Amino acid sequence: MLPFLIMSRAHGEPGYIVPPRHSSQMLTIGQARVQLLPAPALASELLSISGPAGDDALRLRAGSEEPVIIRNTLDQPVLVVARGFRGDGFASSGDIIAPMSERMLAVRPHRSGTCLLVPSPLEPKLSERGMAGLLIVEDKEQIAVDNDVGVLLKDFRLAPDGSIVPPTGPRLGNALAVNGRLERFDVPIRRHERLRLRLANASTVRILVLDIRGFVPRIVALDGAPCEAFEPTGNKIVLPPGGRVDLLVEINSNPDAPLAISTRFGPIDVELIGLPVIGAPPLRQASPEPLTGSAGGKGPRLDLAKALRVDVSPDGRYWLSEEHDTRTAPPLFSVARGRTIVLIVDNLHPTPALLHCDGAHLRPLDGLDDGVKPWVLDTVLLEPSERLLMAFVAERPGLHRLYWRDLAAPFGGFVCRFSIVT
């Protein structure tokens, strides 16, 4: 295993209100030589999706329409997917950007959330070279915070000389980066400050188990969808490939130990994020106003009694391997807009798997199929041989995709489609 560099870099002074949105909204798909390991190690040729002026994220506002320019500086076409995006102008199933060209989209987000920008899951080689970015959709009525920070986590496979091993497909890496760097990412915080951390796992197949040390956050969104605020069980968060979680952090007294978010990476514990507490004075004289109400609604009503029930497992003629995907394959199911669908998701293998839905957020049902969980997901982690029931209401007419990824070698990927008609 290559060493993880226990260095740090600060995000900025606390009390910094939500980062400003640029007047020119642009995403750039590019390639750059990045010195992941110190010299004399070689630099790596990494891909990226960066926001305006090289920022970590593109920020939009729900309900407003803004032109967004996507610039592809590579010599190959790229299909960009916005996981979790709900709105017009930026298809969750992807927008193809021609080589060395720009494309302008009139983007109108309907809902707030933390979205993950990635190449199509059918192009895992691009993901393995680091191509990912964040799209943050803000809401006029979202939780008031003093600082709002996006954090992109991604593993890489590096050679002993520090260069990236040319990818042949999805794989586990031997180095873990935070916002494109192999070093701890520090976010300074003052007492009585309210910080929002938006964490996204851009890895292709690596499951991250995050260990939160020295403080107890509240989860306010999962996969970009707001939920009732709650504390993580055991102060741990399991973040599957493509998964996102939004945390609220408040430090209202002097901590007894350093504040950090770490993970077990092979045989070692790695600190990913540090929260150094700045001394006096506090940001304000008292703790922030308590949260009131829900960070998100309950969503559309699920009519489970009349739901269409569909068995989902990556077999049969409706599922194709990612290498042989074609839009001409028949859909797994077709349903009228407004109807409830229950996906019966079976992992038929003794190893973990991942299901991602492009067309909707899925609400987990309990084991008796007579209740729902108070959150929704678009990226679902399945334990070995596990069966899950996931429900959603067909809201967005069109052809949508379901992706399946085995999370054990050889990391097979499969795709099928479903249709929502008016």
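Student: What makes strand 5 (residues 66-72) count as mostly covered?

Tutor: In strand 5, 5 of the 7 residues are buried. Buried means under 20% relative accessible area, exposed is over 50% and partly exposed lies in between, with a 1.4 Å probe and protein chains only. Strands are DSSP runs of E with at least two residues, numbered from the N terminus. Before we go on, please note that this is a predicted model: local features need pLDDT of at least 70, side-chain atom pairs count only at pLDDT 80 or more, and totals for chains, interfaces and linings use all residues. Residues are numbered from 1 along each chain as its sequence is written, and side-chain values use heavy atoms, leaving out hydrogens and water.

Student: How do you know that strand 5 pairs with strand 9 (residues 101-109)?

Tutor: Two strands pair if DSSP finds at least two bridges between them. Strands 5 and 9 are joined by 7 bridges and run antiparallel, so they meet that rule. Here Val 68 stands opposite Leu 105 in strand 9. Strand 2 (residues 25-34) is joined to strand 5 by 5 bridges, and these two run parallel; Thr 28 stands opposite Arg 71 in strand 5.

Student: Why is Arg 196 called buried?

Tutor: Its relative accessibility is 8%, so Arg 196 counts as buried. Arg 196 lies in strand 16 (residues 194-201). Not counting residues up to four places away in sequence, Arg 196 touches several residues, including Asp 148 and Asp 246; contact means heavy atoms within 4.5 Å.

Student: Why is the pair of Phe 85 and Phe 90 called tilted?

Tutor: Rings of Phe, Tyr and Trp (its six-membered ring) pair if their centres lie within 6.5 Å; planes under 30 degrees apart count as stacked, over 60 as edge-to-face and the rest as tilted. The centres of Phe 85 and Phe 90 are 6.0 Å apart and the planes are at 50 degrees, so the pair is tilted. Both Phe 85 and Phe 90 are buried.

Student: And what makes Phe 392 and Phe 418 a tilted pair?

Tutor: With centres 5.8 Å apart and planes at 55 degrees, the rings of Phe 392 and Phe 418 are tilted as well. This pair links distant parts of the chain, with Phe 392 in strand 32 and Phe 418 in strand 34 (residues 413-421), 26 residues apart. Ring pairs also bring in Phe 333, which forms a cluster with Phe 392 and Phe 418.

Terms used: Helix = DSSP H or I, 4+ residues; strand = E, 2+ residues; numbered from the N terminus.
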